[in-house]
Amino acid sequence: MIYYSKQSLTKWRARPRQMATLLVAFRSLATSSDGLLNIAVITGTTRTEGPPLPILGPRVERFITRTLEDRGGGNNNITIIDPNSFDLLQKPQFAYAASQMPQHLKETHALLQEADAYVCITPEYNHAPSPGLLNVLNHFGSSTFSFKPSAIVSYSAGQWGGTRAAIALRPVLSELGCLPVSAMIHLPSAQDVLREDGSLVADEDKWRQYTDRCFSQLEWWATATKQHRQRVDPFAKSPSFQKDPRQRNAPLNNA
């Protein structure tokens, strides 16, 4: 997991055992400014070798992270959730008793709950989102993400930029309660658009305008929902269901 803070200009790469330290720092920053937005970026890259090469996920992650950090006069704190730190789902976070929950799940859940918005970055596999990204999302219930916005970033080595994966991801995020903003970011031929360090090869102004549309929507909704959550508990009238799937059922006429 990578934690970025523009305020401290630090970059930490942590193992799960170090996440408690990150969580304390994250919560401290989260309460330091009313205008501060905590944005969790959930990546979808799990590949470590080719072919095909180059592996594009890391450069896309760096580009998106840098773009978010540079926005809003430094009012965005970015947390990267790395799918490589998750095992294949066997038991979701909410199915554990609090005393038996793995520490990594507990701390990641807290980081996701503290977030005001989410950015999901996905490549395209068989016209679908990354299995690594979906595995992360499926570890947590909808109450973790609800009443906040999300944004979708997709990429590919070809001409479509992962658009089919992005469209398929929209209903997943909607079901989790973090409704995706209408504008999405697609990076076709990402190996030609971005250098390995995440910097743009060309057309920086055009790409800035393109990403601004999506991220300005995300920040608008994140600010609005954050302020409203501080005044009204959204779960008071819409409690989370964590005991039985039948809690969601409509009333049945047994007559």
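Q: What makes a stretch of this predicted model a helix or a strand?
A: Helices are DSSP runs of H or I with at least four residues, and strands are DSSP runs of E with at least two. Both are numbered from the N terminus.

Q: Where is phenylalanine 147, by that numbering?
A: Phenylalanine 147 is in the loop between helix 5 (142-145) and strand 6 (150-155).

Q: Why is phenylalanine 147 called partly exposed?
A: Its relative accessible area is 32%. Buried means under 20% and exposed means over 50%, with partly exposed in between. Phenylalanine 147 is therefore partly exposed.

Q: Which loop holds histidine 127, and what is its phi?
A: Histidine 127 sits in the loop between strand 5 and helix 4 (131-138). Its phi is positive, near 65°.

Q: Why is histidine 127 called partly exposed?
A: Its relative accessible area is 48%. That value falls between the 20% and 50% cut-offs, so histidine 127 is partly exposed.

Q: Why does histidine 109 count as buried?
A: Its relative accessibility is 14%. The cut-off for buried is under 20%, so histidine 109 counts as buried.

Q: Where does histidine 109 lie, and what is it in contact with?
A: Histidine 109 belongs to helix 3 (residues 103-114). Leaving aside neighbours within four places in sequence, histidine 109 is in contact with Gln93, Phe140 and Thr144.

Q: How do you know that strand 3 is mostly covered?
A: Strand 3 spans residues 37-42, and six of its six residues are buried. On one side these are Leu37, Ile39 and Val41. On the other they are Asn38, Ala40 and Ile42.

Q: What makes strand 3 and strand 4 a pair?
A: Two strands pair if DSSP finds at least two bridges between them. Six bridges join strand 3 to strand 4 (residues 76-81), so the two pair. They run parallel. The bridge partner of asparagine 38 in strand 4 is asparagine 77.

Q: How do you know that strand 3 also pairs with strand 5?
A: Four bridges join strand 3 to strand 5 (residues 117-122), and pairing needs at least two. These strands run parallel. Valine 41 stands opposite valine 119 in strand 5.

Q: What makes the bond from glycine 50 to proline 51 cis?
A: Its omega is near 0°. Leucine 53 and proline 54 are also joined by a cis peptide bond, with omega about 0°. Proline 51 is in the loop between strand 3 and helix 2 (57-70), and proline 54 lies in the loop between strand 3 and helix 2. Most peptide bonds are trans.

Methods:
Residues numbered from 1 in each chain as written. Predicted model: local features only at pLDDT ≥ 70, side-chain atom pairs only at ≥ 80, totals over all residues. Heavy atoms only, no water. Buried < 20%, exposed > 50% of the residue type's maximum accessible area, 1.4 Å probe, protein only. Contact = heavy atoms within 4.5 Å.
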